[in-house]
Amino acid sequence: MLENIRVVLVNTSHTGNIGSAARAMKTMGLSNLYLVDPVQAPDGKSSAMAAGAGDVLGNATTVTTLEEAVAGCGLVVGTSARSRTHSWPMLDPRQCGEKMIAEVPKYPVALVFGRENNGLTNEELQQCHYHVCIPANPEYSSLNLAMAVQTLCYEVRMAWLAQETIPEEPNDYPLNDDLERFYQHLESSLMGTGFVVKNHPGLVMTKLRRLFNRARPESQELNILRGILSSIDKAVKKD
């Protein structure tokens, strides 16, 4: 079960942090590390900081984009320490761990961490179903990357140890890839109707992503929405 939980590090700048994150993962029983466009590939410093977690580091998957890292996942949670202009469904660390353990029997899930200096971009956070924020001391809330990984991986492990009391998620949710295809279809259809202007969608698509992430349609519901969009496309072409 735990092997289906991906820890995704985006554009990490310090190689030592990659090794420290691998060590934090292994102490909590996690092993599936993804690196998205790291500034430098893991090196000797990474290995030194990984200590006994060289296997986690050595088996890490390196990809170019976040979309590749979360492909095939049914649940994606992004870490965010900052308030955003547009609110998004939020979890605290404990809820995050419980939700991941509830859903991981159905499909892979991903926990996404951003850059050391400024975290995840708004565009990257929009690819996540939920955001999670560690409620640190507001007077000094600076956590380094490995600390954040350790904290959230600990909550995942605690939820896993208590999984008999956590009911499995009963709903069948679409994978992240299916949602992205839906958003592309939605934007295309709205452009076809003239509701949004090509290359200038403004905040409409951001707000619609937030709406559907909050509603979190099930797979069958998403198919219905895709069918509605297809019927709109046909009607627009006839006109």
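## A buried ring

Phe182 is buried, with a relative accessible area of 2%. Buried means under 20% relative accessible area, exposed over 50%, and partly exposed in between (1.4 Å probe, protein chains only). Tyr183 is buried too, at 3%.

The model is predicted: local features need pLDDT of at least 70, side-chain atom pairs count only at pLDDT 80 or more, and totals for chains, interfaces and linings use all residues. Residues are numbered from 1 along each chain as its sequence is written, and side-chain values use heavy atoms, without hydrogens and water.

## Aromatic pairs

A pair of aromatic rings is described by the distance of the centres and the angle of the planes. Rings of Phe, Tyr and Trp (its six-membered ring) pair if their centres lie within 6.5 Å; planes under 30 degrees apart count as stacked, over 60 as edge-to-face and the rest as tilted. The whole structure holds two aromatic pairs. Phe182 and Tyr183 make a tilted one, with 5.6 Å between centres and 50 degrees between planes.

Phe182, Tyr183 and Phe212 form one aromatic cluster.

## Around helix 5

Helix 5 covers residues 93-103. Its buried residues are Pro93, Cys96, Gly97, Met100, Ile101, Ala102 and Glu103. Their cover includes strand 1 (5-10), strand 4 (75-79) and helix 7 (145-161).

Which residue caps the N-terminal end of helix 5? Asp92 does, with a side-chain oxygen 3.1 Å from the backbone nitrogen of Arg94.

## Nonpolar cores

A nonpolar core is a set of buried Ala, Val, Leu, Ile, Met, Phe, Trp, Tyr and Cys residues joined through side-chain atoms within 4.5 Å. The largest has 39 residues, and Leu9, Leu33 and Val149 touch the most other members. Helix 7 gives the largest share of this core, seven residues.

Leaving aside neighbours within four places in sequence, Val149 is in contact (heavy atoms within 4.5 Å) with Val7, Leu9, Ala21, Ala24, Met25 and Phe113. Another core lies apart from the largest one. This other core has 15 residues, among them Leu66, Val76, Leu120 and Cys128.

Conventions. Helices (H or I, at least four residues) and strands (E, at least two) are DSSP runs, numbered from the N terminus. A polar contact is a pair of N or O atoms within 3.5 Å; within protein, one must be able to donate a hydrogen and the other to accept it, and residues adjacent in sequence count only if both atoms are side-chain atoms.
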